[in-house]
Amino acid sequence: MRFTRALLLFAAGAAQAASSWSFDDASISVAAKKGSDAIKEKFSQKAPLTKPVGLGSTDTVKVILTAKEDGKAKRPHQAFVTIKEQETGLEAPFTLTVKDTGRAVVQISQKDLPVQFLLSPKPLKASVVIGSFGEARAINTPVFDIEIQTDPNAPAPKYDAPLRYGKKPEIHHIFRADPQSPPKVISMFFALAVAATVPALFISWLLLGANVNHLAKALGAAPLSHITFFGSIIAIEGVFFMYYTSWKLFQVLPVAGVVAVVTVLSGTKALGEVQSRRLSKER
């Protein structure tokens with residue numbers, strides 16, 4: 001008795017483990033826009049169509065089948081017709097509308113397909129996918145091929161591949177050439193124009209009645225301050241000249257800083273001496 005019960009339990013478990021989804025009464029029809037059926041073929045899990053089905057720009061493919069679980073018509077939780085492009089492996093699922101009796105139907109036209117499918121040089125692979133909750137095995141069965149037939153009078157569809165992140169060609173930078181100095185003729189012209197202001201300054205002093213008799217008093221009262229102050233002004237001009245001809249900025253800055261300090265210190269004493277003479281009303 002125990003042996004018989006164990007044998008029955010084993011048989012029931014094996015039968016349950018062997019159950020799977022399937023489909024029956026499957027057919028495919030291609031209808032033109034006017035509604036007449038161009039072709040109608042039947043297929044099954046074990047006997048898929050051997051010849052590709054042509055799909056024109058105005059045609060519609062209609063797939064009808066009955067889903068079954070363990071040989072009994074039943075409504076699954078998921079049922080699709082998937083179409084795959086052979087070269088790229090791109091797939092597009094189309095949901096089957098399934099009734100409680102397991103009767104399922106789906107319609108597919110060119111406008112429903114991705115652009116990549118319309119440009120495929122090979123027939124598209126169509127499969128039926130049925131699955132549900134429970135222990136019954138799902139199925140993914142190739143059933144037929146679809147050959148896209150584009151309209152020769154219509155412009156070919158265009159597809160722009162999306163931007164992908166990856167290795168790019170090496171970029172070779174071309175840097176701008178170093179700035180060039182102006183022509184020497186222009187530089188000499190402006191240098192002479194600046195130098196001409198020096199004699200013009202002395203001539204202006206003579207015409208305006210500048211008193212040079214105080215030069216001896218100034219040098220006698222603060223010789224170091226006046227000489228250093230005047231020399232620092234000439235030194236600043238020399239720094240600018242070196243910067244224009246050959247020095248770099250980081251060569252000019254420390255020298256200009258030292259000369260500026262000397263100018264401030266010596267100029268304070270030199271101009272203070274001049275102020276003291278003016279306060280004493282010396283002309």
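Axes are lines fitted to C-alpha atoms, for helices over the stretch in contact, and angles between N-to-C directions run from 0 to 180 degrees. The model is predicted, so that local features need pLDDT of at least 70 and side-chain atom pairs count only at pLDDT 80 or more, while totals for chains, interfaces and linings use all residues. Residues are numbered from 1 along each chain as its sequence is written, and side-chain values use heavy atoms, with hydrogens and water left out.

**View A. Packing of helix H5 against helix H6.** Helix H5 (residues 223-245) packs with helix H6 (residues 249-279) at an angle of about 155 degrees, and their axes are 8 Å apart; helices (H or I, at least four residues) and strands (E, at least two) are DSSP runs, numbered from the N terminus. H5 is therefore roughly antiparallel to H6, a term for angles over 145 degrees. The contact of H5 with H6 has 13 nonpolar, seven polar and two charged residues, where Ala, Val, Leu, Ile, Met, Phe, Trp, Tyr, Cys and Pro count as nonpolar, Asp, Glu, Lys and Arg as charged, and the others, Gly among them, as polar.

**View B. Spans annotated in UniProt.** The unreviewed UniProt entry places the feature "transmembrane region" at residues 185-208, 220-243 and 249-271; such annotations may be inferred rather than shown by experiment. Residues 220-243 are 96% helix and 0% strand, with the end C-alpha atoms 35 Å apart, whereas residues 249-271 are 100% helix and 0% strand, with the end C-alpha atoms 31 Å apart.

**View C. The open sheet of five strands.** The strand order in this open sheet is S3-S11-S10-S6-S7, with mixed pairing, two strands being paired if DSSP finds at least two bridges between them. Strand S3 (53-56) and strand S7 (91-95) are the edge strands, each pairing on one side only. On average, and with direction ignored, neighbouring strands of this sheet are turned by 35 degrees against each other. Strand S6 (residues 78-84) runs antiparallel to strand S10 (residues 124-131), and seven bridges join the two; Lys84 has Lys125 in S10 as its bridge partner.

View D. Asp25, which lies in strand S1 (residues 21-31), has a positive phi of about 50 degrees although it is not a glycine. Asp25 is partly exposed, with a relative accessible area of 46%, the class between buried (under 20%) and exposed (over 50%), for a 1.4 Å probe and protein chains only. Asp70, in the loop between strand S4 (60-69) and strand S5 (72-73), has a positive phi near 55 degrees, and Asp70 is exposed, with a relative accessible area of 52%.

How values were computed. Angles under 35 degrees count as roughly parallel, over 145 as roughly antiparallel, 65 to 115 as roughly perpendicular and the rest as oblique.
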